[in-house]
Amino acid sequence: MTVTVRYTCPYCNAVVSLERPPDLADRSVTTIPQPGWEYADPDDSDRESADGIEFLCGEDGPVTDLEGESVEGCGRPFYLNFVRYEQGVELDPDPPTYGGPRFDFNA
């Protein structure tokens with residue numbers, strides 16, 4: 001059994017639809033990949049075992065606007081990040097993609 005899940009491009013608001021199993025573990029959609037995470041293509045049959053999915057807006061299949069009308073995507077990449085666990089503990093993105101200042105002096 002699968003469900004249709006819609007993800008919105010953070011650049012142009014185009015909507016990508018994807019058939020996924022109903023037990024989702026989605027964390028966030030970001031404009032940059034999480035460091036050290038492995039991303040699958042949307043058409044990869046083993047994508048649910050990756051750390052997330054990398055989309056190319058408008059290039060991975062048809063995209064629509066929020067009302068469902070066909071539009072062209074912007075062609076920019078965006079990333080669906082799954083929740084990750086290590087020894088039963090949920091891992092935060094490193095560095096976090098939310099809140100507060102970041103001091104990445106070694107970057």
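**View 1. Aromatic pairs in the predicted model.** The model holds 3 aromatic pairs, where the rings of Phe, Tyr and Trp (its six-membered ring) pair if their centres lie within 6.5 Å. Planes under 30 degrees apart count as stacked, over 60 as edge-to-face and the rest as tilted. This is a predicted model, in which local features need pLDDT of at least 70 and side-chain atom pairs count only at pLDDT 80 or more, while totals for chains, interfaces and linings use all residues. Residues are numbered from 1 along each chain as its sequence is written, and side-chain values use heavy atoms, with hydrogens and water left out.

**View 2. The tilted pair of Y7 and F55.** The ring centres of Y7 and F55 are 5.8 Å apart and the planes stand at 35 degrees, so the pair is tilted. Because Y7 belongs to strand β1 (residues 3-8) and F55 to strand β5 (residues 52-56), the pair ties together parts that are 48 residues apart in sequence. Strands (E, at least two residues) are DSSP runs, numbered from the N terminus. Both Y7 and F55 are buried, that is, under 20% relative accessible area (1.4 Å probe, protein chains only).

**View 3. The stacked pair of F55 and F78.** With centres 5.1 Å apart and planes at 20 degrees, the rings of F55 and F78 are stacked. F55 in strand β5 and F78 in strand β8 (residues 77-82) are 23 residues apart, and their pair links distant parts of the chain. The relative accessible area of F55 is 1%, and that of F78 is 0%. Y7, F55 and F78 form one aromatic cluster.

**View 4. R76 over the ring of Y11.** R76 lies over the face of Y11, 3.6 Å from the ring centre. A charge sits over a ring if NZ of Lys or CZ of Arg is within 6 Å of the ring centre and within 35 degrees of the ring normal.

How values were computed
Helices (H or I, at least four residues) and strands (E, at least two) are DSSP runs, numbered from the N terminus. Buried means under 20% relative accessible area, exposed over 50%, partly exposed in between (1.4 Å probe, protein chains only).
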